[in-house]
Structure formats: C-alpha cells, structure tokens
Number of protein chains: 2
Amino acid sequence: MKRVLAVMVGILMIGFLLLPGCGGGESDGGDAKPVARTTNGNGLGGDAAQVAKDRDLTPDDVVAALKTYMPTGRHDPYIMFASGGHSGQVFVIGVPSMRLLRVIGVFTPEPWQGWGYGIGNEILADGAIDGHELTWGDTHHPALSETGGDYDGQFCFINDKANARVAVIDLRDFETKQIVNNPIALNDHGGTMVTPDSEWIIEGGQYGSPLAGEYAPIDEYNESFKGMVTLWKFDRKKGRIDPSKSFAMELPPYWQDLFDAGKKVSEGWIFGNSFNTELATGAKEIGDTSFFEAGVSQRDNDYLHIINLKKAVQVYEAGKVEKIKGMPVISLDTALAEELLYFAPEPKSPHGVDVTPGGEYLVVSGKLDPHVTIYSFDKIQEAIAAKNWTKEQYGVPVLDFDAVVEAQVEVGLGPLHTQFDDKGYAYTSLFLVPAVARWTLGGNYSDLHDEADWELIQQANCHYNIGHLVAAEGDTVSPDGKFLVALNKWSIDRFFPTGPLLPQNFQLMDIDNTGDDIKLLYDMPIGIGEPHYAQIIKADKLDPWKVYPEIGWDPVAQRVDINAPQPGRERIERNGSTVEIYMTAVRSHFVPEHVTVREGDHVIWHITNVETAQDATHGFALPVFNVNLSLEPGETGTFEFTADKAGTYSYYCSEFCSALHLEMTGYFFVEPKQQASR
Amino acid sequence: MKRVLAVMVGILMIGFLLLPGCGGGESDGGDAKPVARTTNGNGLGGDAAQVAKDRDLTPDDVVAALKTYMPTGRHDPYIMFASGGHSGQVFVIGVPSMRLLRVIGVFTPEPWQGWGYGIGNEILADGAIDGHELTWGDTHHPALSETGGDYDGQFCFINDKANARVAVIDLRDFETKQIVNNPIALNDHGGTMVTPDSEWIIEGGQYGSPLAGEYAPIDEYNESFKGMVTLWKFDRKKGRIDPSKSFAMELPPYWQDLFDAGKKVSEGWIFGNSFNTELATGAKEIGDTSFFEAGVSQRDNDYLHIINLKKAVQVYEAGKVEKIKGMPVISLDTALAEELLYFAPEPKSPHGVDVTPGGEYLVVSGKLDPHVTIYSFDKIQEAIAAKNWTKEQYGVPVLDFDAVVEAQVEVGLGPLHTQFDDKGYAYTSLFLVPAVARWTLGGNYSDLHDEADWELIQQANCHYNIGHLVAAEGDTVSPDGKFLVALNKWSIDRFFPTGPLLPQNFQLMDIDNTGDDIKLLYDMPIGIGEPHYAQIIKADKLDPWKVYPEIGWDPVAQRVDINAPQPGRERIERNGSTVEIYMTAVRSHFVPEHVTVREGDHVIWHITNVETAQDATHGFALPVFNVNLSLEPGETGTFEFTADKAGTYSYYCSEFCSALHLEMTGYFFVEPKQQASR
C-alpha cells in the first residue's frame, strides 16, 4: 500500500499541472455523463413542462429563465462594470446571467485580493488627505475608456464622492493602478465621465464648499463657497492620470451634479447639471425647519452648464489660471471673460444630463418635473452666436430656454437618467413611479423606429425606486440595445430578508424588441454595496491577461520587477536591523520555509508566485502583522513591517491551490531581544 | 407650473412612505402589464422553444434553468451561509437561485454596512492581538446554531484561521456581535463546529506552535510545539461566547484539522482529524528540498482524535487545568490521566471527519487515499472499554484500526469532505477527479435506499477542484437532500476571465433523486472571497427582523440605547474640548444640518435613524475623517474622532433613500484655532 500511495502523491503533485480545461477552450457540460450539446428545436420536453408546473412558472417566467441561464462554461456576452457606492469598490457582473464575477478593490482595502494588505498599499496611501488615511470611498460613476466615443475595453475610471478622488483601473488585470486626490474639493458626485477619446476625465463637484475645503462660515456662502469641475488629463500610454497636465474650472456655488461629454457633432464641449441654484444653506439651528430638501427645491428652474472644453484647454494652456494647492484653476471671472461657460434653464432639480449617440441632443431630467427636456446642440450654438441670453447673479449668460429646447416628453414622476439603444429609443429611469420609460427620439433617429417622435411608449415597472439605468453600451456613439438594467435602490420584499439591511436590486430587462414590449428578465440582489451607475460593454472588447506576462511581474508598475524573487535565487539578506526576504511560491511550498528575524527588526518581504498556469493563484497570510497577499500567476509583491513582537508565526498559502495546499506553510520566528544570538 | 410642482414635491415627500409593496407580502410580476401568475401545464410555448434553440440550450439546460430561476419577488426556499475565506466575511446566498443576498462584515471592515467605519468599531477592536490591530481574517467554517442537532436559525459562528479568532453573528439582524481571540493559539483551521445544543463552540488548531505563540526554535518542535482544541462556552441568552467559562485541551503537535461534534448516540464526544503525525518541520535552509508537502505526506496513517467532551468538561469544572494567558488548559498529561483522549489510525493526511445524521458513524477522508473510512462509534466505545489499543509517542492510546472501522468505500482520488441526505446517501468531495461522489450508507440507513450498502453510486463532475461540499442541512440530524453545492476552488474557463485573478465556482447540483442521477444545475462565480465551508438552512427557520424593534436601537447591545438621539431631542453639547452631537436622520434631512466645532475638539457623534419603514436605511458619510455609517430603520450609532483639521466638510446620506436623497446633507465646520470664537 505504501508504494501505491507514494506513486499517487507523485501523480497528485504533477497531475495538478494538467488540470482538465487548463489548456483553455470551453469544456462540455457538468454532468457526470456529459450530454452532447446538440440543438433541439423541440428541446422543451416533458421534464421541463413538469418543472414549470411544479414551480408555478408563467410562460413569461420560462422565457426569462431561458434567456438568462448560462450553461456551465458558457461566457456572458456582456460585462457590466458597476460602482459599489459606499463599498468603495467596482463590481464586474456578467450579463444576461447577472452573476457577480469579481469585486475590484479600489478605495477600500479588500483582503481576498490582498488589496491594502500587502498589495497596492502605496496606491491606497496616495489617497490620503493631509495625512488622514482613508480606507473607504463612495464610488458613483464608472467610466470605461473610449476611443472615438466607443468603449475600447482598456481602462475604467471611478470617483469617490465622499472625498473627491478618482481611481484608474487597468482592464488587463482588473486592478486599481492609481488614486488621485482633488486638492481643491472634498466631494465630487459629478465624476467620472470621459471625453470621446479619453483624453480628459471629468470630475464635477456637488455641494458648494470653499475651494480646497478651507473653513468659511455659512453666512459667507454666496461669496466664499464655490462649485467646480475638474478635467484630469489621462495619459493612455502610461495608463495613468497626469495631475501635472490637469486643471479645474471654478463654477458658481450651485450644486453641480452629473456631467456628460459631447460626442461627434458636440465633441469638444461638456455639459453638466446643477441644483440648489436657490443657494439654500439649510436649517442653521436645531428647531429651524428650513431643511435643504425644501430650500433646494423652490425654484422652477436650475441651470444646465454648457462648457466649451476645447477653448478651456486653450485658456489653461495659455496659463490663464491661478494655482490652488497646486491645481491650476480657471477662475469664474476668467471663464466668463474667455466665453467658456453658458447656462440654460432646466426644469427643477435635475439629476442627469445625457448626450444622444450622435451628440445632437442633451437629455435633461428634472426630477421634480414629469418631463424630460431635450436640448439641441445646434440651437445652443445658434443662441450663443446670437448672444440670445440674459445673465444670472454670478454673471453667467443664461441662454433662452425656448431658443435651445428641441422637445419635452412627459415620461412620468421622478425622471432621473437616460440611456439609448440602437432602435431610436431612449430610456429614462422614473424614481417615483417606479419604472423605466421608453420613449422615441426624433431628428436623425426618426428613421430607426415606426412610432411618433418624442413620445412616451411604455413605462416598465421596477421594484423598487430606480436610480440610474444602463443599457448595453447605452451611453456611447453606438448603443447595442438588447439588455437594460434598472439599478433599483430599494428591494423591500423582493428577496428573503437578511435582517434590517437589505440588498439593492438590479433588474435586467429585455429591450431587444419594439413598442411597449419591454420585459423583466431577472432580479439580482446586490448585498455588498450600493451601486449608482454602471456601464455594459461587449465582452469581446475586453482582452484581459490570463496570467501575468512574465514571472516577477509588478502589477503597480505593470512591468517585470528586476529585483523580484526568482526560482533558485531565493535568499534572506540582513543589513543592520533590516532583513530583506526574497521568497518564491509554487504548488505546494514557499522557499524559504523558515524565516528567522530578531525582535525589532524591520522586515521587507518580497514574494513571487512562479506559476504560469491560469488560476494558479497563491495567497500569503501572516498572522498578527495583518498581512494577506493574493499573488496571481507571475505576480510579485512586497510588504514591510516591524517585527515588534517575539514569537512563532505560521505563514501559509491562503488560496486553496492544490491537494497539498494545507501543507503550503512555513514558520516565521521572531527571536526575543534577550535571546537573539545571530 | 409653480403650484403644480409644489404639490408634486409634497406628494413625493409623503408618497415615499407609501411605497408599493411596503406593506409586505409578495407583489406580482415586474412587467409593465402584469400577467396573472396562473399555472399552465403547457406553459412552454413557442417563444420558449425558440429561445432554447437560439441559445443552443440542451434539454438538461432547460430543466436546470427552470429549476433555479426565481421570478421577481419569489424567495429562495433555502439560505446558504458560506465563509468568505480570506475576505474575512460571511456570505448569505439564496438557494437554488444562487444569488448573493448579503455579505456580512465579520473580521474585515466593510463600509457599505458601516462595519468598522463607525459601526462595530469596538467589536473589531476586541479582535486585536497584543495591540496589533487586525483588519482581516481568514474565515473557514461557519456553524449555524443548533437545537437538538438541528439548525435553529438563531446564530452563526465563524473562525479566523489566520489569527485563531471566533466571531458570533446574530441572525436577527445578520450582524456580528462578538469577536474573541484565542490567547493560546495563532491559527485555528479546525473551527467552528457546535455541539448539538450549541453549548460549546469547537475551535481546533492547525499548525503546531508553542502555546500562546511564544518563541521557540524549530529544533525544539517535538517538545515545545503543541496542538490544541478549544471549547468556547456559548451563552445563548446573552448571545455571546463567555470566555470565562471556556477552556482548551493540549494535544500533541500533530496538525489538527477539522472537528465534528457527536450527535444523538455519540453526543458528548467530539472528533477531529490530524496530519503531520510525521512531525515534519519543513525545509530549514534554502536549498533544502525537504518541504512540508513531502514530509507531512510520508506515513500511511495519521490519527483520528476521539475526545470525551462530557468528561473533559467535568475535568475543567473540577479545576484540573493550568491557566495560560488566562485560558484554562487541560494539559496532555491530564487528558491522558483522565482518559479524555484516544486516537484511531486514519488513512493518510485526512481533511475532514463527518458524523452521520444519527451519530453512529464517523466518515474520514484521507486525501491521499481513494477511500472514505467509516468508523463505528459503538465499536470505538467497545475498543475503549476493552483497552484494545497501543500507545503512540506522546502516550495517547491508539485504538486498533480493524476493531473500530465499519467499512471503507473506494470513492475516487482526493476525497475531502462528506455530507448526507435524507435518502441514505453520503456525498464526498473528490478534489482530484474532480467530482462529487455519491455513495450509500449501511446500518440504520440501509432501508432508505435500494442499493447495496457502502457502495459508490456516482461520480458527478465538478469544474474544478472541489474543496468542501454542502447539502441542504446536510450535516444535521435531519438532512433535507434536494440540493448540494460543490465549493470549487478553481474556475479556469468557466466564466469570462476577470484578469489573472479568477472567481471560485459554486456549482449547484440536483440531488433530489436516486441512483446515478445527480445533475449539475448552476455555476455561481464567487469573485469576492474564497469560501471554504458553507451550511444551507431552510429559509423558514430564519426569522430576521425587518426593522429594529425600537427607535434608538443599539445593535451591539441589542437593546434600546437610552441615550440615543430621539426626534425632538436633537442637540449639541460641549463639555470642555469635547463636543457631543445628538443627531437624527429621516427622509430627507439630518437634524442638525449644521455642526460647528473648534480645531482640536474631540467629537462624539450619535445618530439615530428614526425611520420605521422596512428598507428605509440611511447612510452617513463624513469626508477626511473616514466615517461611513449604515443605519437601518431604528438603529443608533456612535463614532468619535478628533477634529484635527480645520475646514468645511459636507456630510451626507450615503444610501439613496428618497427622491430628495441628494439634498440630505449638512455642513460640519471645524473653525481654525486662531478663529475659534465660541
């Protein structure tokens, strides 16, 4: 028996490298006895009918089940990138199966991927504000990088509303590469959006504040408080924002909300919403009931912000800026003098402005008005040329409403955001109905549909209280249609209750049809964050790495680290009271398996996962010192700490990697000071 | 228009309290035009057939889709609690839809639920080790509380392998209430499991270590390194572990692995596995290739640990313990003298020991042996009574293998863990095939099936490399059968690749049948952690709160906080340089909306969410100071910090709560020292 087992161990150790399916390609079904995957037009046999009957499924339920089900090994044709709200992360979801494929650690440390526990610590540290470490974010609006106004699958940008920060995710490895702080702002609901070639990442503010977060009393609101929009320059080659080539523009202290970039005919311009043009300052004392919610909702109109970005860049490049905490800022006076900024009235308290695929129209939803208001970019240009404006209190030209509006469509209560499809329809979320409104575009889009232009076609119910909505590539120059997801804020009775804290509800809808035929397909609970916005990209536009390109890859720099530990070159080096460890990991051992230091030593620990097989990830857990790495094949990681507590610590692989995974361990000895002998 | 809008604002504000579905009960379908949900035996119409054909779905795929699909608003009949591995959390998943309903923050801070960002900070702080803050854990084995050996739906316990900690989750609100550190150990793979009435929570160790993590050189392994198992006393009334009534038992420095509690006939005993009975110490120098993986796998047999818990409790209560760092420990000598501990040989390097529903048998899988080995509890008792043993090097009696074994079943390569159903089948995960093996039990279970006893019936393939598996209530005294989930460690090609880091794969299988008819139903990616073990409970055994019982509820103490802010009693109190804020939150404002302190003040901030409607959660985000709360209806939370940076900070509700959610904000002013006037 002994020999048999010894042979078996050998097979186990080698055999693991020959995993079924390792070579790529799709494996067949998951049954013990695989069934040939033949198409069968009458595939719905008695078994299926019986199941439908037993489970009380309606014909619509059956169709929905069949439209969303993914047999084992089949990949979703669309991938959704959703913000995680105050989870601080980004979620990657397969569409139409609505399966959560991955959480990407962004502003919040996440130990499964080692993010902030030995991996990426320096990136997270860059996100600190004036020495205040931040370990979360409020991610709102992901923006996939674009080329020619279409998603190109290379990067994803995301903002942190709570602290006015922007992160860059590289879609080769789906990991965060950069976090930049906005030095002049502390909140940035209006980010991120990109210009059609991702040269600029737009970060708008939200609540009026003194620039740079300085103290000013509320009584000085009108003078000392400001709005802003920041344009971050993206260096695609380096895969990083270049703060040294970025700038901001001061705006009146209205609460700027979402922005969108012009595209095609409107390229070179950006558009943003605002609310609290009332300049309400809230209930100043306890007992006072003049709350923001009332004060901010008084006026019939707020201001659509229309910004000539192309010209603003010229002004910035000409040096007509003042530097605030190092950030070049175009003052409001300069913006007006240089004719960079215009307003147009917009029905009250809008939440989103969305540019049509061809760039011809801007769709604005005033959430306290049941209409969407459609502005014509051409008419805006004509009004500007004709100086058809009045000026508001800060001197900004306000274009004549009737001169710039193309149409208004009554879509229902609480309209928020709009997306587009390939059939000439627009889709607007109605928070209060709650529903998704399908309505028809006019102009160039008339030929795409058979219905009347600018007309409500359907309100498709949601459960409940939809915020954003997202259609496949629905904010690009070439929307795909097919699927739409309603990002519902309340779920109430939709799922089994998990205590008083309930998940959000992503509802997938079938929009691959015409007329009033939108169908609900699937309810996906999100019990891990509160997504605000999402984008859906065709999966085949993404080309992620399956393993890192070379052994010893530094994912922060995205290149081989020439100092990375390599097989055969593992070592422990002491330099005074600093000990540097060069370790490798492979199924199923670390080299070295014993590391000894002295109490008080500073330890710098490098580990390379030398695997080349896809999915051969190793973890590295070290107790007490709060370390956990996730090292994907080829990846190298470095962490450091002070060994300030004598003891015997088992380190181990925290990712179940092989049959001998539990044996993948070692001892870290910290010799007590009085005993240290070496 | 002005009046119309004013009326509408009013409707919005009030109407939100009358949300559709708020009153509970199931709403109907999600289409714009609801379809009567009638049962239709011929429900599979031409549309469904066309979809199946277009999507190339096999008849098995169609059945699987219909068995797992949940129409909107229908609740999953089973709820799975899965560990999150090195994510440090617990995942709550609906079965059979395999939808992630909620992540429960346990050892890792998680801002969406406010966990560690103002909520639960003191619980997380309790998890520090000797002043070393720990912000992650490696959760392995959740244990639902039991009454009479059946899940009772009240609590969930979970261990942190990396730092030997145990947490308690209250299933009324699905939140973590306690984290205890094991003072004598630094790793605890063998936790948590409960005794049939949850009096004791079992926490076994893993890698041999000096007790209390003291330093000892590796050459002293045999003498100075120890194994251990800890029995934490659970006070069900308080909902807390009582460390003052808990104790541990010293074991030889073999690497103890999983434990299971005896039940019914074997109640009062606990059973654990071990490996590295070779006492291998790994490769001591770089260049040495005597790695743990080889050294630990040499012997044909390791030792099943058989512990008389009932008697051990008596020994502990009699004070026959030594205290190590405050923990009462029964020494190995005492354990032997008091006849608490026995061994039985078990085929090599086992991973799991699983007790059959009636408690008659223990199933052990030596992962380097293709058999499962079934021990008879009766025979073990007979062998103990007859002293049919030899003694191993530490003096522990080793029962005669042939005398205690009931059967061995050749199930396949890499057997790890076993679960049970209601039809007399056992299911064992086969890491290397990879597959789930279905085999028949004998003895009392023979009458439940028509097949031969102790016989392999089917290997159902997995994708790929299954670790644990879990059947519905499959480790209780009354398993349900129906569904089984394979917790696969590698997914490779199953899902669209999200970079080099891939999700795990939970595969749902249909076991509601007999013979070799196990069918794969669904692949669920887990891209947020690496679950090890899970338990599946009938949903109707859970009775979570929909809102907190009273306004001002402190979820840590699970009672009303008499000092919690209440509506009408909001205030700001200064006491020297400490400012205490009593704030309430309601749709859609905070009271107060302005808070002013002086630079350097210590701020203690209390907030109560005064909502009573289900799902009316409010967040509270404060920039720079790293605060984010999630306050469920009725909940009160308190956080504190030093206002060490002058400035103007907008705080806001971070959970989209209403149409006027963005307006739910306020200003926190920190007056500069030189300006502070009050």
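Colleague: How many residues lie between strand 37 and strand 38 of chain B in the hairpin that they form?
Modeller: The model is predicted. In it, strand 37 of chain B is joined to strand 38 (residues 589-591) of chain B by three bridges, and the two run antiparallel. Thr584(B) has Val591(B) as its bridge partner in strand 38 of chain B. The number of residues between the strands of this hairpin is two.

Colleague: Which residue takes a positive phi in the hairpin of strand 36 and strand 37 of chain B?
Modeller: Strand 36 (residues 571-575) and strand 37 (residues 578-586) of chain B pair in the antiparallel sense over five bridges. Within this pairing, Glu573(B) has Glu580(B) as its bridge partner in strand 37 of chain B. Two residues lie between the strands, and the positive phi, near 65 degrees, belongs to Gly576(B).

Colleague: Which residue of strand 40 of chain B stands opposite Tyr582(B)?
Modeller: Strands of a sheet pair through backbone hydrogen bonds, either parallel or antiparallel. Strand 37 of chain B and strand 40 (residues 602-609) of chain B run parallel and are joined by eight bridges. The residue opposite Tyr582(B) is His606(B).

Colleague: What is the average twist from one strand to the next in the open sheet of chain A that has the order 4-5-6-7?
Modeller: Four strands make up this open sheet of chain A, with antiparallel pairing. Its edges are strand 4 (143-147) and strand 7 (175-181) of chain A, each of which pairs on one side only. From one strand to the next, the twist averages 30 degrees.

Colleague: Which residue of strand 6 of chain B stands opposite Asn159(B)?
Modeller: Strand 5 (residues 150-160) of chain B pairs with strand 6 (residues 165-170) of chain B in the antiparallel sense, over six bridges. Asn159(B) has opposite it, in strand 6 of chain B, Val166(B).

Colleague: How many salt bridges does the rule find across the interface of chain A and chain B?
Modeller: The contact takes 226 residues from chain A and 227 residues from chain B. About 19500 Å² is buried between the two chains, 62% of it on carbon and sulfur atoms. Lys367(A) forms a salt bridge with Glu663(B), with the closest N and O atoms 2.9 Å apart. Across the interface, the number of salt bridges is four.

Colleague: Which element of chain A contributes the largest share of the side that touches chain B?
Modeller: Between chain A and chain B, 78 residue pairs are in polar contact. The largest share of the side of chain A that touches chain B amounts to ten residues, and it comes from helix 3 (residues 59-68) of chain A.

Colleague: How many nonpolar residues are there on the side of chain A that touches chain B?
Modeller: Sorted by class, this side of chain A includes 66 polar and 50 charged residues. Its nonpolar residues number 110.

Colleague: How many residues apart in sequence are the parts that Asp219(A) and Lys284(A) tie together?
Modeller: Asp219(A) forms a salt bridge with Lys284(A), the closest N and O atoms being 3.3 Å apart. Asp219(A) lies in the loop between strand 9 (200-204) and helix 5 (221-224) of chain A, and Lys284(A) in the loop between strand 14 (269-275) and helix 6 (292-295) of chain A, so the pair ties together parts whose separation in sequence is 65 residues.

Colleague: What is the omega of the peptide bond from His463(B) to Tyr464(B)?
Modeller: Most residues other than glycine have a negative phi, and most peptide bonds are trans. Tyr464(B) lies in the loop between strand 28 (456-461) and strand 29 (466-472) of chain B. The bond from His463(B) to Tyr464(B) is cis, with omega near -5 degrees.

How values were computed:
Residues numbered from 1 in each chain as written. Chains lettered and ligands numbered in written order. Predicted model: local features only at pLDDT ≥ 70, side-chain atom pairs only at ≥ 80, totals over all residues. Heavy atoms only, no water. Pairing = 2+ DSSP bridges. Axes fitted to C-alpha atoms, helices over the stretch in contact; angles between N-to-C directions. Contact = heavy atoms within 4.5 Å. Buried area = accessible area lost by both parts, 1.4 Å probe. Salt bridge = Lys/Arg side-chain N within 4 Å of Asp/Glu carboxyl O. Polar contact = N/O pair within 3.5 Å; in protein donor to acceptor, adjacent residues only side chain to side chain. Nonpolar A, V, L, I, M, F, W, Y, C, P; charged D, E, K, R; others polar.
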